[in-house]
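Q: Hey, I'm new to this one. Can we walk through a few spots together?

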Amino acid sequence: MPKVLRILLWTAISALGAAGVAVSALNNDEPINALWLVVAGACSFAVAYRFYSKWLITKVLVLDKERATPAHTKQDGKDYVPTNKWVVFGHHFAAIAGPGPLVGPVLAAQFGYLPGMLWILVGATLGGGVHDAIVMFASIRRGGKSLGQMLKDEVNPVVGFVTMVSVLVIMTILLAVLSLVVVKALAHSPWGLFTIAMTIPLAFIMGVAHTIFKVSVRDITIFGIVGLLVSVWAGSKLDAWGIESYFLQKGEWMAWAIMIYGFAASVLPVWMLLAPRDYLSTFMKIGTVAVLALTVLWVAPELHMPKITPFASSGEGLVFFGKVFPFVFITIACGAISGFHALISSGTTPKLLDREDSIRSVAYGAMVTEMLVALMALIAACALQPGEYFAINAGINNSQAPEAVVATINAAGYPVTMEGMNKLAADVEEPTMFGRTGGAPTFAVGMAQMFARAFGAQWMGFWYHFAIMFEALFILTTIDAGTRVGRFILQDFMGNMWKPLGNTKSLPANVFASALLVSMWGYFLYQGVVDPLGGINTLWPLFGIANQLLAVIAFCLGTTILIKMGKARYTAVTLAPLALLMTATFSAGFIKLFDADPRMGFLAQADFYAAKIAAGGTATELSNWGHLKFNGMVNAWVTGFFLIAVSIIFLGCLREWILILSGSKKPVLHEDPYLPVVGEPA
C-alpha cells in the first residue's frame, strides 16, 4: 500500500477511535449504543499494536530474531520445548485470561461504564502490554528464569528472597480462589463439567499427534476445534442420553478432581497436556468473544447503566464499598494490568517460545486481545437494566432477603421488581438470580440476553449455561498454567535451601514440588468448599490488591533492566504505570487496613465482631461472628505483609537505580550468553 494511503488509513482509524471515546465520555447521561465502546476498543487495539508495540519492540527492547531462546538452548522435552508461535499464543492467552477480564469489569460497572472503559483502554495499551512484554523479554534473555530469581540476580539476594516469598503466598491464595470459583461454577453444571472434561483427552491426542507423530499444527487444530464443538453439543444432551447423573458432582468431589488435574498439568511434559489444552481453550475463548462482538454489532444494544453512578464518589456501593479511586484500578485486574501475567511471562511461556521476535504478538498481542474481552464483559454488564444488575450482585456486603434487596435497590434510584427478577431466573432456568455475586452470573446473563436477541429468546437458558461453562473454561486454564508456574517458583525457592530440589529436570523434584504446591492451595480450596464462612473466602478482598502489587514488582524489574541496558531515557514506559499502580494499590491497602467503617476496614471489622461476641448471641451467631472476626484479622495481617514486602522490593530497586545512574555502581546484566538460533521455525 502506498505510504500516503497508509497515513490516511491510520489517521482515519485513530480519529474513529477518538470519536468513540468522545461520544462515550461526553454524552449527557442518556443511554448510548454499545457500538461506540466497541469502536473505541477496536481502534485502540489496532493503533496500539501497530505503533506503540512496534516502537517498544524495535527501539526499547530491540529484539533479535536470530538469538536462540531458552526453548532451544535448554530443550529437555518437558518444560523447555520449541513450539509454534500460534500454539504458544494460545497457551499464553489462555493462561493469562482468567476471571479478571470477565469478572473485574462486571464488578466495576457499579461505577458506571466510563471509568472502567477508560482504564481498560489506557491501562492495557500503555501498561499491561508493556508489563507482559518486558517481563517475557527479560525471562527469555535469562534462560526462562522466574520473577524472583531475576530480581535476585539483577538487584540483590534480599530483594529476590522477599519477592519469592511474596509470590508464593500470592500464588497459593490466587490458585485456591480460582479453583473455588470453578468448583462453584461446575458443581451444578453437568454440561459444563462434561465439556471441560473432554478438553483433557482432546488435548492429549493433539499433543501426542503433533510432538510424536509430527502431525501439522493445521491438522491438529482442525481435529481439536471439531472435537471441542462436538463436546459442547454433546454436553447439552447428557440428560437425554441418561448419563447426566455421572457429571452432577458435589463440591468436594470437584475440589479433589481439580487438585489432581493441577498436579498432572504441573508434572506431565508441557507438550502432552498443558500447551495443547490451553491452545484448544483459546479457540473457545476468542471464538466466543468474537461472536459476542459480532452480536453486539448486530443487536447494537443500548447501555442502560449511566456513564458515572453516584457510587463512584460516595464509595457506598451496592456491590462493594469503595470510591472509584483507587478501587476501579484494583477491581479491573487482567483486563488492564495484571501482576499474574508476569508469572506466566516468566514461567511457562518463555520456555516454549521458538523465536525472540514473537514476543510482540504473544505478549503484547495477547494483552490487548484480553483488553477486548474485558470491554465485552463491561458491555454485557452495562447493557442490563441497572436494577437487575444490582439485584444480581447485591449481597457481598450483607445478606438480605430478596424483598429487602429490592427495597434497597429501589431506594437507591434503580427500579427493580420481584416479578422481573423471577422472570429473569425463569428465562435462564435458574431457581433465583438474587445475590449471585462475584460477577460471573452477571456476565452470563448479559451475554445470554444479547445472544437471545440475535438467535431467539427460546435459547436464553442455553446461552446462560453456555456462558457459565465458558467462564469456567477461562479460569481453569489459569489454574493449570498457574500451578506449573508456581512449581517453578517453589523450586527456585527450595533450590536455595537444597540444590537438588531446584532441578527442574529431575522428575522426583518436580513431583515433590508439584505435590507440595497443590497441597498448599488445595487445603484452602477444600476449606472454602466445606466451610463457606472460612477457608479461602477470608482472603477474597485481597486478590485485587495482591495482583496489582505483583505488577508493581514486575515494573520494578523492568525499570532495573532498562537502566542496566543503557536505556534510561525510555524508563517512562515502566515508571509511569509503576507510579500509578503504587499510588492506587497502597491507597487501597491503607483504606482496607485502617478505615473506621467495619464494612471497609479489616481491623474495624475484627473489632466490630469482637464486640458483638462479647455482647452475646446464639450459638450459630457466635460461630459466624467468630469466623468474621478471624477473617478481618487474617485480611489485615496479609495486607500488611504485602505492603511491607513490596515496599522492601521497591526501595531495594530504587537504591539500585540511584547507584547505577549516579555512576557509583557498574551496571551488569545477568543475561545468558548469546547463541544463534539453528533450524527452521517450529
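Q: Which residues does Gly123 touch, leaving out those up to four places away in sequence?
A: Keep in mind that this is a predicted model. In it, Gly123 touches Leu118, Gly128, Ala336 and Ile337.

Q: And where is Gly123 found, in which helix?
A: Gly123 sits in helix H6, which covers residues 113–141.

Q: Is Gly123 buried or exposed?
A: Gly123 is buried, with a relative accessible area of 2%.

Q: How far apart in space are Gly123 and Pro508?
A: They're 42 Å apart, C-alpha to C-alpha, and 385 residues apart in sequence.

Q: New topic: at what angle do the axes of H15 and H25 cross?
A: At roughly 105 degrees, and the axes come within 9 Å. H15 is residues 324–331 and H25 is residues 572–594. The two helices are therefore roughly perpendicular to each other.

Q: What residues of H15 meet H25 there?
A: From H15 you get Phe325, Pro326, Phe327, Phe329 and Ile330. Their partners in H25 include Leu580, Ala584 and Ile591. By class, this contact has nine nonpolar, three polar and one charged residues.

Q: OK, over to H20. Which of its residues are buried?
A: Met421, Leu424 and Ala425 are the buried residues of H20, which runs over residues 418–427. Looking down the axis, they fall within an arc of 100 degrees, so they line one face of the helix.

Q: What's exposed on the other side of H20?
A: There, Glu419, Lys423 and Ala426 are exposed.

Q: Which residue just after H20 takes a positive phi?
A: That's Glu429, with a phi of about 60 degrees.

Methods
Residues are numbered from 1 along each chain as its sequence is written. This is a predicted model: local features need pLDDT of at least 70, side-chain atom pairs count only at pLDDT 80 or more; totals for chains, interfaces and linings use all residues. Side-chain values use heavy atoms; hydrogens and water are left out. Helices (H or I, at least four residues) and strands (E, at least two) are DSSP runs, numbered from the N terminus. Buried means under 20% relative accessible area, exposed over 50%, partly exposed in between (1.4 Å probe, protein chains only). Contact means heavy atoms within 4.5 Å. Axes are lines fitted to C-alpha atoms, for helices over the stretch in contact, and angles run from 0 to 180 degrees between N-to-C directions. Angles under 35 degrees count as roughly parallel, over 145 as roughly antiparallel, 65 to 115 as roughly perpendicular and the rest as oblique. Ala, Val, Leu, Ile, Met, Phe, Trp, Tyr, Cys and Pro count as nonpolar, Asp, Glu, Lys and Arg as charged, and the others, Gly among them, as polar. The arc is that of the directions from the helix axis to the C-beta atoms.
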